[in-house]
Amino acid sequence: MTQRHAPFHSWRIFGMTLVLWAIASCDHQPLVVGIHPWIGYEPLYLAQEFGWLPERVRLRAGESVSDSLAGLQQGELDAAALTLDEVFRLRAQGINMTVIAVLDVSAGSDVLMVKPDTTSLDRLAGQRIAVEFHSVSELMLLKILEQAGLRREDVQLVDLPVDAQYRAWQSSEIDAVVTYEPTASRLEHLGAVRLFDSRQLPDLIFDVLAVRQDRITGRAASLRELVAAHFQGLKHMQSNRYDALYRIATRQGITLEEAQRALAGVSFPNEQGNRLYLQPHSRLHRAGTELQKFLASVSLLPETQQDNDWYEARFLPSDE
């Protein structure tokens, strides 16, 4: 009997060995992370520039968030820098994303740009408003319309990615635009005026680093090193501000003053702040709950969706 079962036992050990080898080898595969121009993602860009990213991590830069969303949907990306509402929308599509770090909180850098004669929100009625659908800008627009007492049907929405908004304004194809830095500063040079910004919508726009749940296994080391690289870039921004401003302005194609103003509209939580955000019943958890309710109320999420397991703190640096 021992002789009869020995081959099966050997094959089982061999099979388990293959599984363990496959899991271990995952961390040797590149972790491909989607990113796009946004002032709040600059710590990651700085980490890349200084060579602080782990060898196994590749940043794939797109022109707008649409590139990152498409990459995740098509399975080309393992993770991405996204806003929290984008994470929930992907989860509703069956692409289960897990938030592993809060990169920034928008406090003025997401803006509504209008023509000088549009002096109040209710005057948006009938206007052609550019907004990138399926992104945080669409969420912000809906909040703006809510405050203005307007419906989607009261305005003319133009689906336009952020990298095409400057040209559309320049050619007078739109009357207003929901956008963010550095596009907002560039539009000001064309005469656009800031009428509303994310300071008036606290705890709404969180930029996060999120990873597909099906790409986590075997990649713990890469994810920890990626998060650590973000904080290293953030520390450089804080301790070598002029150098960071120069690099950011050069990369974003804006002036030093515009870079400084853009950064002033963003709050960057440090490691301790992230530990507070990524704990049960935190401020982030409550904001996420309210955000899901709002997205469901405007038909951007199924009414039945109410996730509570969309974040975890195990990839943050140790607090020892």
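Predicted model: local features only at pLDDT ≥ 70, side-chain atom pairs only at ≥ 80, totals over all residues.

**A helix across a sheet**

Let me start with helix H5, residues 136–148, which lies across strand S5 (110–114), S6, S7, strand S8 (176–180) and S9, and which runs at about 130° to S8. Contact here means heavy atoms within 4.5 Å; axes are lines fitted to C-alpha atoms, for helices over the stretch in contact, with angles from 0 to 180 degrees between N-to-C directions. Helices (H or I, at least four residues) and strands (E, at least two) are DSSP runs, numbered from the N terminus.

Residues are numbered from 1 along each chain as its sequence is written, and side-chain values use heavy atoms, with hydrogens and water left out.

The five strands form an open sheet in the order S7-S6-S8-S5-S9, with mixed pairing, where two strands pair if DSSP finds at least two bridges between them. Its edges are strand S7 (156–159) and strand S9 (193–197), each of which pairs on one side only, and neighbouring strands are turned by 30° against each other on average, direction ignored. Strand S6, residues 128–131, runs parallel to S7 and is joined to S7 by four bridges, with Ile129 standing opposite Leu157 in S7.

Turning to the backbone, most residues other than glycine have a negative phi, and most peptide bonds are trans. His134, in the loop between S6 and H5, has a positive phi near 65°, and His281, in the loop between helix H11 (271–277) and helix H12 (283–297), has a positive phi near 60°. Are these two histidines buried or exposed? His134 is exposed at a relative accessible area of 53%, and His281 is exposed at 63%, where buried means under 20%, exposed over 50% and partly exposed in between, with a 1.4 Å probe and protein chains only. A cis peptide bond, with omega about 10°, joins Glu181 and Pro182, and Pro182 lies in the loop between S8 and helix H7 (183–188).

Finally, Val32 sits in strand S1, residues 31–35, and is buried, with a relative accessible area of 16%. Leaving aside residues up to four places away in sequence, Val32 touches Arg58, Arg60, Glu76, Leu77, Asp78 and Ala79; Arg60 is 28 residues from Val32 in sequence, yet the two are 6.6 Å apart in space, C-alpha to C-alpha.
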